[in-house]
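User: I would like to learn how to read a few features of a protein model. Please start with the general idea each time, then turn to the case at hand.

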Amino acid sequence: MARVEMPVPDEGAVKPWRKWLQGLDETKYGAGACLGDWLDAGAAYELPVGAIVVLCDPHPGGGKKRVRIWRVKQDGTVKEERDSTLGSANAFGASVRGTMRRLLDKHPARHPQAAQRLTVAPPRANEREDTCHLCRLTVAAGAGILVRDGSGYSRAQHRRGECPPPPPRRNEWAQECGACGGWLEAEEGVLYAAGTALIPVTRARHAQGCPPPEQRRPAPPRVNGRAQDCERCGNVVPAGAGVLLRAGSGWIVQHVEGKCPPREELWEISRGVPGRFHPRPEEWSEPGTVLRSEVYESAGRPFPETAPGHERVGGGVVSAIVTTVRERQPEYCRDEDGDNPSCLIGENGWWFRILVRPATAEEAADILAAEEKAGRRYALEQRRRALFSYGAGDGEAPEDVDMGDAQPVDFGARERRSFHQHWPDDELHVDESAGVVWFLQYNGHDGDDWSRNNLRSFVARRFPLTEERRALLADLRAEYGPA
């Protein structure tokens with residue numbers, strides 16, 4: 001190993017550099033073609049015997065460059081293999097590269113390692129105004145130093161300890177002053193660090209000291225960013241037309257003081273839809289949907305008894321036909337603490353709250369007609385069960401079944417058929433001339449007593465055609481039509 005001192009740059013040299021040459025990249029130009037460690041001009045290094053050093057001192061303007069190539073000899077001295085000043089385009093052309101290639105072939109870097117710096121080179125002053133890479137503030141020409149980074153580029157910076165304090169940062173949005181609580185518009189105050197090292201917080205304050213209390217501006221009211229129900233009157237507040245107020249850990253929306261419209265006569269119903277979380281739930285029902293629902297009355301606000309289908313279920317609960325008006329913001333409830341609404345106890349899912357009003361007679365007509373029809377058919381089914389069941393004492397199951405003149409009567413068995421039912425429906429037949437009615441009940445299930453069957457897999461029971469049964473059959477034909 002030998003001690004080698006790097007010479008200072010030639011007078012007037014622009015962006016000089018030195019490198020310990022350990023390889024050559026023929027695809028690049030200038031310093032990029034020389035592979036190896038950067039060396040600082042004016043510093044001393046410990047280099048191995050045979051090390052090749054390339055020194056480049058560009059002339060002012062960059063038109064010419066002085067290129068020197070050194071080699072460390074056995075006795076520790078340095079032999080200058082080349083010293084030439086060529087045009088910028090030829091400084092690292094075929095001739096100079098040939099010299100470097102020949103020296104690398106004869107003295108290869110067998111054990112490449114980082115150059116050991118023995119002395120520190122004197123700092124170089126920056127020749128032009130630049131930006132300090134430490135504080136990002138301006139460095140005047142000659143007021144700073146140049147430092148070479150790992151890529152070989154020289155970057156300007158202030159001398160150690162001379163970086164000026166950063167200017168105060170302006171707050172970019174309106175907020176309250178962290179010192180006095182007065183309101184600051186955007187770009188009016190400055191930011192400062194608050195909190196602790198573990199929990200850093202940035203707040204804004206007045207730039208020239210806080211004004212006296214009587215001159216401090218209060219915070220303007222916050223407006224709602226989306227449509228929401230007013231907490232006072234229950235009506236919808238359009239986006240940007242209301243006031244957003246803090247309520248505990250959340251926010252509520254109200255109309256501007258004195259601007260609430262007349263309160264709507266609406267009641268709230270809720271529905272739960274169990275399932276996994278979905279970020280954008282669909283509406284449970286579109287506005288204007290007509291349905292029968294249970295409504296909870298509140299103190300002083302009974303549900304109108306004139307509402308279609310009004311039925312009192314229990315204490316404070318009414319069943320009636322209602323029309324949906326709008327929905328509140330859906331909430332996703334997780335059943336972790338057992339505090340879910342009653343419609344989602346034990347389930348995770350979306351909780352929908354819908355505001356409704358009593359339906360009009362025209363809106364409720366279809367539902368009332370369907371309920372009346374269902375009630376009428378339910379009553380007919382109860383009469384049929386009473387007159388054509390095993391409990392009827394005048395029925396019998398003969399061994400020979402003669403239904404040649406009997407006509408079928410539809411009593412809604414197909415209407416009540418389950419999706420999972422795979423066995424045939426029960427049947428009802430009437431023989432007017434014989435004055436009898438046959439009721440066929442399927443008896444082919446697993447566990448049934450098949451010995452009771454007298455017509456395939458059915459038990460056919462014969463009943464006399466009494467006036468009561470004749471009236472029921474007439475009502476069945478009127479309700480269900482011909483079989």
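Analyst: A nonpolar core is a set of buried Ala, Val, Leu, Ile, Met, Phe, Trp, Tyr and Cys residues joined through side-chain atoms within 4.5 Å. Buried means under 20% relative accessible area, exposed over 50%, partly exposed in between (1.4 Å probe, protein chains only). This is a predicted model: local features need pLDDT of at least 70, side-chain atom pairs count only at pLDDT 80 or more, and totals for chains, interfaces and linings use all residues. Residues are numbered from 1 along each chain as its sequence is written, and side-chain values use heavy atoms, without hydrogens and water.

User: Which residues touch the most other members of the largest nonpolar core?

Analyst: Phe 388, Leu 428, Val 437, Leu 473 and Leu 476 do, in a core of 16 residues. Two or more residues each come from helix 2 (361-387), strand 30 (427-431), strand 31 (436-442) and helix 3 (467-480). Helix 3 gives the most, with 4 residues. Helices (H or I, at least four residues) and strands (E, at least two) are DSSP runs, numbered from the N terminus.

User: How many disulfides does the structure hold?

Analyst: A disulfide is a pair of cysteine sulfur atoms within 2.5 Å. The structure holds 0. The sulfur of Cys 230 has its closest cysteine sulfur in Cys 233, 3.8 Å away, which is too far for a bond.

User: Are Cys 230 and Cys 233 buried or exposed?

Analyst: Cys 230 counts as buried at 4% relative accessibility, and Cys 233 is buried too, at 6% relative accessible area.
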